[in-house]
2 protein chains.
Amino acid sequence: MSRKGLLLVGHGSKLAYNKELIEKTAAHIADQHPEYLVRPGFMSMNTPTVEDALNLFKEDEIEMLVVVPLFLAKGIHILKDIPALLGLPEGEKKGLFAHTTGEIPLVYANPIGPDPLLADLMVKNAEDAINAEV
Amino acid sequence: MSRKGLLLVGHGSKLAYNKELIEKTAAHIADQHPEYLVRPGFMSMNTPTVEDALNLFKEDEIEMLVVVPLFLAKGIHILKDIPALLGLPEGEKKGLFAHTTGEIPLVYANPIGPDPLLADLMVKNAEDAINAEV
């Protein structure tokens, strides 16, 4: 099967919660979507770093690399830092990834943003809290 | 109709994107769930502040106030700063809100956390990016 690489980029944190969020979400995606080879990568404070993950993808059997930032909204990491790590000019969403077998397509996805699914998730969290035992 | 107040708490940002995310998500929730009276509130850098929003809820016709942080994961704002603003001891998820008509139930929901819906949202963003025109 020809697979796509999916690099799930996290912010990283001194506390354990951001890393746990990124790792569990990566595991959910891998479980539900075997067409993706999923790796986490962190901007700071946790490992593997984004650079580490990119190096590993160079050896993976993938036909394309999709970079998905698990961030709420655009900010300096999304607009400048991640494009710099990917070798993408600012504002560009598609480029090439230097795989060991040659260049393959590179795609840079948006962060979460204002999606109706996010609204549903917030209502779910509200209702879980209302219905929780004290 | 007896409604619940829903305070959607955002981090706030010097850039426009976090405020836009919180406001659009609040509007989605209000559209889809008329049982909630939804107000946004920001921890810093944007208005209304959380304190502003709490003051407005004191006059609203609500039977309960649910506070939902639109944050990815637990951190210092979730664990300490928001509970302090709500008058909740750290770790407590339920308390009372001093409404002008008397005390009403106060519920403090979790941030997004590792939810399968979040994984679906990341895959949707990946596929949108793959399928986008350059």
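Modeller: Helices (H or I, at least four residues) and strands (E, at least two) are DSSP runs, numbered from the N terminus. This is a predicted model, in which local features need pLDDT of at least 70, side-chain atom pairs count only at pLDDT 80 or more, and totals for chains, interfaces and linings use all residues; side-chain values use heavy atoms, with hydrogens and water left out. Residues are numbered from 1 along each chain as its sequence is written, while chains are lettered from A and ligands numbered from 1 in the order in which they are written.

Biologist: Where is Pro48(B) found?

Modeller: Thr47(B) and Pro48(B) are joined by a cis peptide bond, with omega at about 0 degrees. As for its place in the chain, Pro48(B) sits in the loop between β2 (36-42) and α2 (50-57) of chain B.

Biologist: What is omega for the peptide bond that joins Thr47(A) and Pro48(A)?

Modeller: Pro48(A) belongs to the loop between β2 (36-42) and α2 (50-57) of chain A. The peptide bond from Thr47(A) to Pro48(A) is cis, and its omega is about 0 degrees.

Biologist: What is the phi of Met45(A)?

Modeller: Met45(A) lies in the loop between β2 and α2 of chain A. In chain B, Met45(B) has a positive phi of about 70 degrees although it is not a glycine. For Met45(A), also a residue other than glycine, phi is positive and near 70 degrees.

Biologist: Which pattern does chain A follow along the sequence?

Modeller: Chain A has four helices and five strands. Its C-alpha atoms fill a box of roughly 55 × 35 × 30 Å along the principal axes. Read along the sequence, the elements of chain A follow the pattern β-α-β-α-β-α-β-β-α.

Biologist: Which residues is Ser13(A) in contact with, leaving aside its neighbours within four places in sequence?

Modeller: Ser13(A) lies in the loop between β1 and α1 of chain A, and a polar atom of the Ser13(A) side chain is 3.0 Å from the backbone nitrogen of Leu15(A). Contact means heavy atoms within 4.5 Å. With neighbours within four places left out, Ser13(A) is in contact with Asn18(A), Ser44(A), Met45(A) and Asn46(A).

Biologist: Which three residues supply 14% of the area that chain A buries against chain B?

Modeller: Buried area is the accessible area (1.4 Å probe) that two parts lose on being put together, summed over both. The contact takes 51 residues from chain A and 51 residues from chain B. Chain A and chain B bury about 4,400 Å² between them, 77% of it on carbon and sulfur atoms. More than any other three residues, the ones that supply 14% of the area chain A buries are Leu72(A), Met122(A) and Ile130(A).

Biologist: How far apart are the closest N and O atoms of Asp115(A) and Lys124(B)?

Modeller: A salt bridge is a side-chain nitrogen of Lys or Arg within 4 Å of a carboxyl oxygen of Asp or Glu. The structure holds twelve salt bridges over all chains, and two are counted between chain A and chain B. Asp115(A) and Lys124(B) form a salt bridge, and their closest N and O atoms are 2.6 Å apart.

Biologist: What separates Glu23(A) and Lys19(A) in helix α1 of chain A?

Modeller: Glu23(A) forms a salt bridge with Lys19(A), the closest N and O atoms being 2.9 Å apart. Because they are four residues apart in helix α1 of chain A, Glu23(A) and Lys19(A) are separated by about one helical turn.

Biologist: Is α4(A) roughly parallel or roughly antiparallel to α4(B)?

Modeller: Axes are lines fitted to C-alpha atoms, for helices over the stretch in contact, and angles run from 0 to 180 degrees between N-to-C directions; under 35 degrees counts as roughly parallel, over 145 as roughly antiparallel, 65 to 115 as roughly perpendicular and the rest as oblique. The axes of α4(A) and helix α4 (residues 116-131) of chain B are 10 Å apart, at an angle of about 175 degrees. Therefore α4(A) and α4(B) are roughly antiparallel.

Biologist: Which residues of α1(B) do those of α4(A) meet?

Modeller: The axes of α4(A) and helix α1 (residues 17-32) of chain B come within 9 Å and cross at roughly 70 degrees. The two helices are therefore roughly perpendicular to each other. Pro116(A), Leu118(A), Ala119(A), Met122(A) and Val123(A) in α4(A) meet, in α1(B), the residues Leu21(B), Thr25(B), His28(B) and Ile29(B).

Terms used:
A polar contact is a pair of N or O atoms within 3.5 Å; within protein, one must be able to donate a hydrogen and the other to accept it, and residues adjacent in sequence count only if both atoms are side-chain atoms.
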